[in-house]
Number of protein chains: 2
Amino acid sequence: MGRRRTVSAGEPLIWEDDDSLLVANVIEGVLKLTTSTADGREQIVGVAYPSDFIGRPFGQTSAASVVALTDARVCVFARNDFDRFAREHPELEHKLLERTLAELDRTRAWMMLLGRKSAPEKIATFLLDMSERLADNGCVHQPGAQSGPARQFTLPFSRQQVADLLGLTIETVSRQFTKLKADGVVALPGRRDVEILNRGALMALAG
Amino acid sequence: MGRRRTVSAGEPLIWEDDDSLLVANVIEGVLKLTTSTADGREQIVGVAYPSDFIGRPFGQTSAASVVALTDARVCVFARNDFDRFAREHPELEHKLLERTLAELDRTRAWMMLLGRKSAPEKIATFLLDMSERLADNGCVHQPGAQSGPARQFTLPFSRQQVADLLGLTIETVSRQFTKLKADGVVALPGRRDVEILNRGALMALAG
DNA sequence: CCGCCAGATTGATTTCGGTCAAGGTTCGCC
DNA sequence: GGCGAACCTTGACCGAAATCAATCTGGCGG
């Protein structure tokens, strides 16, 4: 019933306010969910990793755009087919409910960050979050490591995208990264590479 | 199976990070969902109106506190009873899924506001949102009015709570209200009363 | 290998909203 | 009706992050 599809980095899969015609499961890669204002400001409202569900079942329109951050493989379904199938399979609806509730919890925790945290707190929280989220998804170059938060990882985001996730500007993000490096809290071996040198300091900064 | 309960204004129903022992349906009144930092900053992450569902089914702990904003009546269920009952009644789970998806959409729209909107935009968006949400719930003093956004209504929030909802300080909220009044966009007949005099101007400000 | 250019950093300056500090209002309660 | 406290408004000032403006870097195509 589903069709495999590849989406290359930067390519959109779903457009904000469009009719909700498809839903999908992420097989590989990372995608962002965004909303934009008329004048072009963007806010990333969610990030989808492998095994995550994307799209808006049981609704006419999609509230967010979905764009691939890395090359990705997804399994897409026509929304109306999916809706019908789901209603006939309570186990599937239950799984979807559990995932949606978990996503709502994560989204609400992010509202705290957007509304009440300072730039240093936002960056520290972000790095710790990435360290945990990326560890579970084979996105990490950490040979022979047991599970748990990753010490070193590659961000699936550009600086601008980090800014769009945290409600900051690219300059502020850059300055905060530089400061963390200068303070010896992290190392930044490449544009998108992060190595956490002092997790305790990051946790203290995250508040 | 459920028990009726009254919760008076300011009284908590569920505590953040506590074991998720109960879920509930709002019958009457308005409640806030909040998260707090260790140092006491608060962010309102959701607002529950009559017919809304509150609590965290299928999860060990609650990610947010729930506190009544007005005197409220709710119908509470033990969470484990509810979980069991829901799994046996797909129609109920479906309804809950639809509501949760809608709440997630609303929450994501609010992230845009928190991360990217200016104080005037936040206040204007808030007032338009309240005008719509309160119209559907008998919270409005508008005799003989047909449905649609309310022109006049009473906020269920203090100034501090508006600040906690928008990620602002109480002083900024107060100044923005004063400015809207001075510009003739709204009238403020009482501490919590709002009358929209120029909806077009508000919509333009909301962006 | 070199030049190009998108993306990132760095610096100077501005501004919006926060902080600190008084007052002022309203409303419940005696 | 008057008292008191909680809530709200207003003003002066400050500072964090945005904005504006170069410069730098590093990855890629020629």
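Across all chains of this predicted model, the number of disulfides is zero. Cys75(A) has a relative accessibility of 18% and therefore counts as buried, the limit being under 20%. Cys75(B), at 18% relative accessibility, is likewise classed as buried.

In chain B, strand β4 spans residues 31–36, and five of its six residues are buried, so the strand is largely enclosed by the rest of the structure. β4(B) has two antiparallel partners in chain B: strand β5 (residues 42–48), joined to it by six bridges, and strand β7 (residues 65–68), joined to it by four bridges. Five residues separate β4(B) from β5(B) in a hairpin, and Gly40(B) in its turn adopts a positive phi of about 95 degrees.

DNA strand D is surrounded by 18 residues, the closest being Ala119(A), Thr172(A), Arg159(B), Ser174(B) and Thr178(B). By class, these surroundings comprise three nonpolar, eight polar and seven charged residues. Sugar or phosphate accounts for 64% of the atoms of DNA strand D within 4 Å of the protein, and bases for the rest. Polar side-chain contacts to DNA strand D include the following.

| Side chain | Atom of DNA strand D | Distance |
|---|---|---|
| Glu171(A) | base nitrogen | 3.0 Å |
| Arg175(A) | base oxygen | 2.8 Å |
| Thr178(B) | phosphate oxygen | 2.7 Å |

Two or more residues of the surface near DNA strand D come from each of α3 (119–135) and α5 (170–182) of chain A, and α4 (159–166) and α5 (170–182) of chain B. The most are given by α5(B), with four residues.

How values were computed
Residues numbered from 1 in each chain as written. Chains lettered and ligands numbered in written order. Predicted model: local features only at pLDDT ≥ 70, side-chain atom pairs only at ≥ 80, totals over all residues. Heavy atoms only, no water. Disulfide = S-S within 2.5 Å. Buried < 20%, exposed > 50% of the residue type's maximum accessible area, 1.4 Å probe, protein only. Pairing = 2+ DSSP bridges. Near = heavy atom within 4 Å. Polar contact = N/O pair within 3.5 Å; in protein donor to acceptor, adjacent residues only side chain to side chain. Nonpolar A, V, L, I, M, F, W, Y, C, P; charged D, E, K, R; others polar.
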